[in-house]
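Colleague: I keep hearing about salt bridges, and I'd like to learn how to read them. Could you walk me through some?

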Amino acid sequence: MVTQPENFDELLARLDEIEGVDGAYALENAKGLAGELLSLGENVLQFWAISRDEVPTSDKKEGFVILALHKQGAKGEPSFNACRETCREIVFQHNVILQAHEPKVTLGALKLMIMVVRHLALFVSGKLEVSGLGEFCCASKSVRQKSDIQDSVELTGTV
Amino acid sequence: MSSSKDETVAYYPGCALEGTAQSYDRSTKAIGKALGLKMKEIDNWNCCGAMEVKNIDPKLQTYLSARNLSIAEDMGFKKVMAPCNGCYHNLKKAEFDLANDPKSVEVNARLSKKAGHKTYEPGKVETIHALDWIKDSVGEQGIKDKVKGGLKGLKIANYYGCMYTRPRHIFPEKDQGENSESIDKPHYMDDLLDAAGAESVEYPLKTSCCGGAHTLSDSDTSTKLVLNLLQAAEACGADVIATECPTCHTGLEMHQIRAEKVFGKKTNVKILYFTQLLGIAMGLSPRKVGVHENFGDALPLLKDKGLV
């Protein structure tokens, strides 16, 4: 029975544990581990939805909840699309593991899937970390409140 | 969008290529010359408005980018080539906003008049990336024709970063058939470096975040993101990560050092601009393409592989 992580620390710790399992165990349990990793990716996006006071969707997009969760997370937050392909890579590696017949391919995809899920977790936790300061993503919108930028009104006439 | 080899493009280096990314500037110019491509720097160019201005007023950023496009048009160019992903992204966004957003058009016209220069009109000048410039003007065959030593034996993880393809609506030329660039799985860098004899590995994080924007506000997260990118590249068997963005490149190099110092995690993969790699493939010296200007020392690897 796998316990659901309650926060990013627990989630990242679980990724470290999975990374540390020996090759024979990983091969024998590859499909189960792939399912768990997919679920951890979903957990990351659920944390994001909850932080925005939303109920995480359980819908599926292209057959996967994680893709629907990403779509939900990016609504009104275009910079969240910076992890769109990361989510799709998680699905891709998951599918490779389910289809693979060669141990080398299975273990390689498992290793990469762990790293891709970790990247998603670090990216989203980083965005939450700075959320009190605004949106610092490269594809960000303005971090300032409208009241702070009156000076620019005279110049551009916007806001 | 295709560029011909004979067409001179306007060169927009942007701030980074005059500072932390001088090796990108140097190597872009060097391979342009080696490939017989022509470019001329935009006169009196200004910042594209990348980070700070955007956070004050996005319309001002649009104007700043549009001013550069306007000057390029005045100089008689139809294409502006920007190697920096941030600049490329912002110039493309200005093109899009000024073609689709009446408020941006109005603000740009007013500020252009106030500044005393011609107002940029959408569609007159098109922004292209350095990758487009090389891929469309000489292509893989042009690279093969010029390759001397080649990059045989070198495994490369091609890292495009997050701004080269996002947001997708400002890049209408991408995803337009077999030969165009892909939004989901960009491949131009893979194509060019493979043509130069390298072996591009399947890299699952090629468009993932480098943490560049978090560098000052949350350095540890940036370091962990970079460490993950580096370790994933090594897990894929890469000797080198090829970059095309000064922010990503600098972040990868600096956080590689920081990951070792702060977290005790050493990685050996080297980070080089794709232009540096193409230059080496064409027989240019490492100094000519600024390898000595990078933080990491890639020379031992290049010597070990017999590439220099």
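**Reading the salt bridges**

Modeller: Let's start with a group: a network of salt bridges links Arg84(A), Glu85(A), Arg166(B), Arg168(B) and Asp184(B). Keep in mind that this is a predicted model.

Colleague: What lets side chains pair up like that?

Modeller: Side chains with opposite charges can pair when their charged atoms come close. Over all chains, the count here is 30 salt bridges.

Colleague: Which residue does Glu73(B) form a salt bridge with?

Modeller: Its partner is Lys124(B), with the closest N and O atoms 4.0 Å apart. Glu73(B) sits in helix H3 (residues 58-74) of chain B, while Lys124(B) is in the loop between helix H5 (102-115) and strand E4 (126-129), so the pair ties together parts 51 residues apart in sequence.

Colleague: And is Glu73(B) buried or exposed?

Modeller: Glu73(B) is buried, because its relative accessible area is 14% and the cut-off for buried is under 20%. Lys124(B), at 40%, counts as partly exposed.

Colleague: Where do Glu173(B) and Lys92(B) lie?

Modeller: Glu173(B) is in the loop between strand E5 (155-158) and helix H8 (188-195) of chain B, and Lys92(B) is in helix H4 (residues 85-100), 81 residues apart. Their side chains meet in a salt bridge at 3.2 Å, N to O, and both residues are buried.

Colleague: What about Lys135(B) and Asp191(B)?

Modeller: Those side chains form a salt bridge too, at 2.7 Å, N to O. Lys135(B) belongs to helix H6 (residues 130-137) and Asp191(B) to helix H8, both of chain B, so parts 56 residues apart in sequence are tied together. Both Lys135(B) and Asp191(B) are buried.

Methods: Residues numbered from 1 in each chain as written. Chains lettered and ligands numbered in written order. Predicted model: local features only at pLDDT ≥ 70, side-chain atom pairs only at ≥ 80, totals over all residues. Heavy atoms only, no water. Helix = DSSP H or I, 4+ residues; strand = E, 2+ residues; numbered from the N terminus. Buried < 20%, exposed > 50% of the residue type's maximum accessible area, 1.4 Å probe, protein only.
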